[in-house]
Amino acid sequence: MGTLFRKRPIRYPLLILSLLGIAGIVICTMWNLVTGIVYGFVLLLVLILAWKAESDTYKETEKHIEMLSYRLKKVGEEALLEMPIGIVLIDEQFSIEWTNPHMLRILGTDSLIGEEIFSLSEDLYNLIKHEESNELNITLKDRKYRAFYKPEDKLLYFFDITEQVEIEALYYDDRTVIAILFVDNYDEITQGMDDQNRSQTNSLVTSLVNNWGTTNGIYLKRIDSDRFIAVMNESILQELEKKRFSILDDIREITAQQNLSLTLSIGVGAGSQSLLELGELAQSSLDLVLGRGGDQVAIKQPSGKVKFYGGKTNPVEKRTRVRARVISHALRDLIQDSDQIFVMGHKMPDMDAIGAAIGVRKMADMNGIDGYVVIDFDNIDNSIGRLMQVVKEKSDLYNRFITPEVAFDKITDKSLLVIVDTHKPSMTIEPRLLNKSDKVVVIDHHRRGEEFVKNPMLVYMEPYASSTAELVTELLEYQPKNDKITMLEATALLAGIIVDTKSFTLRTGARTFEAASYLRTNGADTVLVQRLLKEDIGTYIERSKIVQTAEFVHNGIAIARGDSDKIYNSVLIAQTADILLTMKDISASFVVAHRNDGTVGISARSLGEINVQLVMEELGGGGHLTNAACQLDVQTIDEAIQKLKIAIDDVLEGSTEA
């Protein structure tokens with residue numbers, strides 16, 4: 001720096017002054033010699049003084065800059081060695097070449113030179129080798145650090161962010177959470193009680209819920225006879241999750257001792273700063289829980305992420321048919337306000353989906369509106385194929401079955417689209433129809449999943465029902481009687497009920513027999529049902545081969561598999577799971593096999609001790625507590641079984657996440 005200033009730059013002010021002075025001397029000398037000499041002397045004196053002043057200024061500036069340079073260098077060295085920032089220099093082999101003293105103090109060691117950088121933390125591998133980001137949060141000696149990496153210099157910086165992380169944790173733990181608690185079937189159970197028993201039941205429920213709130217530090221307020229609102233924070237919610245929301249078991253078990261079938265449903269809104277949004281999330285979660293049959297908890301985040309807890313019991317059958325009558329009248333009004341009715345079930349429809357679709361199409365006839373069933377004739381199983389052959393003999397009904405392409409061309413803005421036996425758009429035969437129609441009705445008996453038809457005009461979802469055919473049969477009873485249901489239509493509906501109840505052995509309630517009785521009264525042919533549901537001996541043998549592969553993965557849980565090089569019909573997979581469930585010591589069965597759509601299908605069945613719906617939801621599927629399925633986009637059955645075992649373990653341990 002000093003050398004630079006000793007090499008004097010050209011001094012333009014002095015140069016100009018000298019040139020002007022010389023010119024003045026020449027002029028003065030030409031005019032008067034003495035005057036020129038005096039002028040030259042004075043000019044020389046001025047130039048000397050100016051040069052000296054400028055030299056002194058340069059020397060002072062040079063000295064100041066040299067001092068500043070020294071101080072900056074000293075400060076830089078002190079910062080490098082003394083500032084509370086860890087600094088590590090590594091070589092091409094990722095070994096430590098140098099560290100500053102603070103880094104040694106962080107790790108409590110005298111030297112790190114020669115050690116591999118990844119020995120400090122395995123997380124540094126992603127930071128250094130993958131180079132997806134130049135920063136990463138890691139833990140060293142129980143403290144949190146943000147590590148920055150400069151690949152061009154092979155240099156790492158470590159900033160202590162422990163206090164910041166603790167403050168963030170305190171902030172997140174203290175965020176408000178709103179929950180809505182709903183006592184399932186409270187009004188129905190207490191309706192027939194006298195005042196004393198009703199008061200005792202009310203006191204029991206209030207006491208249980210309030211004790212739970214007091215124990216966990218939750219503010220609770222009863223806002224209706226069967227509804228509470230709860231306010232807590234995130235840390236309390238986390239503790240409740242660790243306990244798997246034990247209040248669900250307490251309510252169920254204690255009320256059962258009093259001969260009451262009360263359960264609790266809880267919808268929780270979390271993860272937002274807006275109280276309005278939290279309230280909406282809590283209500284949305286509760287709607288989701290009730291759509292899944294109750295007796296469980298749903299925790300919903302603004303991102304749409306949902307966690308489920310509970311769901312250990314089958315949905316309780318409703319005691320009145322008021323809801324069925326109200327829904328039927330609402331559906332009648334929608335049908336009468338439409339120009340056409342299109343009914344669509346799920347892909348590869350079973351007898352329940354087809355039977356329900358035929359029933360809804362009959363409602364259109366009863367109201368004098370044209371109705372059509374959307375079906376993909378290339379993707380139906382043998383039983384549906386046999387039904388279509390019988391229907392074909394009735395040309396007036398067969399002409400009402402149309403392909404998805406024809407339906408897409410025929411549907412208009414005034415048409416009504418009815419979805420039966422599913423509520424997931426991705427599972428419908430033709431999802432494009434949902435985008436083309438603004439008038440959509442959903443009728444389903446499955447527990448509600450996170451994926452749902454957007455903005456339906458009417459939803460009739462009853463998880464207590466044995467089948468969608470049962471629900472549609474009840475709706476038919478309240479439609480206009482100007483067009484009686486035919487034998488074939490009644491038979492299709494009865495076949496749907498028989499298939500989903502396994503001949504009235506599973507998920508069968510009093511309402512199921514009432515619906516079957518109504519259909520039998522209207523000419524349903526049980527012999528024809530048996531003909532439609534018959535199977536060939538080859539199918540029986542295939543099922544037997546799969547049953548032979550069964551292995552127990554937990555007490556009472558069996559998994560069977562199809563051949564790795566063979567494609568199986570989805571119905572055969574489901575039937576095999578049903579058969580396994582009839583075997584001794586099996587309380588839950590899973591059958592895994594390749595499907596003709598390129599995926600690996602899993603059918604799950606249970607006697608109720610394990611919620612197979614939660615297991616299937618872990619894998620992207622869904623269904624009922626005792627009857628569920630999913631399809632996995634994997635290459636091998638072994639990979640699918642591995643995922644299945646993990647999902648089973650997660651559900652047995654506690655919660656599921658969607």
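**Helices, sheet and salt bridges**

User: In which helix is the place of T201?

Analyst: The model is a predicted one, and what follows should be read with that in mind. Within it, the stretch of residues 195–216 includes the place of T201, and this stretch is helix 8.

User: Is T201 buried or exposed, and which residues does T201 touch beyond those up to four places away in sequence?

Analyst: The relative accessibility of T201 is 6%, and because buried means under 20%, T201 counts as buried. Leaving aside residues up to four places away in sequence, the contacts of T201 are Y186, T190, M193, L260 and L262.

User: What is the strand order of the open sheet of five strands, and which strands stand at its edges?

Analyst: The pairing in this open sheet is antiparallel, and the order of its five strands is 2-1-5-4-3. Two of these strands have a single partner strand each, so one side of each is left without a neighbour in the sheet, and these edge strands are strand 2 (96–99) and strand 3 (135–140).

User: How many bridges join strand 1 to strand 2, and which residue in strand 2 does V88 stand opposite?

Analyst: Strand 1 (residues 86–90) and strand 2 run antiparallel, and the bridges that join them are three. As for V88, the residue standing opposite in strand 2 is T99.

User: Which strands does helix 6 lie across, and at what angle does helix 6 run to strand 4?

Analyst: Helix 6, made up of residues 162–173, lies across strand 4 (143–150) and strand 5 (155–160). Relative to strand 4, the helix runs at about 120 degrees.

User: Is F41 buried or exposed, and what accessible area does the nonpolar patch that includes F41 have?

Analyst: F41 is found in helix 3 (residues 33–82), and because its relative accessibility of 58% is over 50%, F41 counts as exposed. Together with V34, V38, V42 and V46, F41 forms a nonpolar patch on the surface, whose accessible area is about 470 Å².

User: How far apart are N and O in the salt bridge of R361 and D365, and why are the two residues separated by about one helical turn?

Analyst: R361 and D365 are both in helix 13 (residues 351–366), and because they are four residues apart there, about one helical turn separates them. R361 counts as buried at 3% relative accessibility, whereas D365 is partly exposed at 24%. Their side chains meet in a salt bridge with an N to O distance of 2.6 Å.

User: With which residue does K362 form a salt bridge, and how many residues apart are the two?

Analyst: The closest N and O atoms of K362 and its partner E489 are 3.5 Å apart. This pair links distant parts of the chain, with K362 in helix 13 and E489 in helix 19 (residues 487–501). K362 counts as buried at 3% relative accessibility, as does E489 at 4%.

User: Which residue forms a salt bridge with D370, and which residues are joined into one network by shared partners?

Analyst: D370, which is partly exposed with a relative accessible area of 38%, forms a salt bridge in which the closest N and O atoms are 3.7 Å apart, and its partner is R400. The network joined by salt bridges that share partners consists of R361, K362, D365, D483 and E489.

Methods:
Residues are numbered from 1 along each chain as its sequence is written. This is a predicted model: local features need pLDDT of at least 70, side-chain atom pairs count only at pLDDT 80 or more; totals for chains, interfaces and linings use all residues. Side-chain values use heavy atoms; hydrogens and water are left out. Buried means under 20% relative accessible area, exposed over 50%, partly exposed in between (1.4 Å probe, protein chains only). Contact means heavy atoms within 4.5 Å. Two strands pair if DSSP finds at least two bridges between them. Axes are lines fitted to C-alpha atoms, for helices over the stretch in contact, and angles run from 0 to 180 degrees between N-to-C directions. Patches are made of residues with over 30% relative accessible area and no salt bridge: like charges are joined within 9 Å, nonpolar side chains (Val, Leu, Ile, Met, Phe, Trp, Tyr) within 5 Å. Accessible areas come from the Shrake-Rupley method with a 1.4 Å probe; for residues, only the protein chains shown count as cover. A salt bridge is a side-chain nitrogen of Lys or Arg within 4 Å of a carboxyl oxygen of Asp or Glu.
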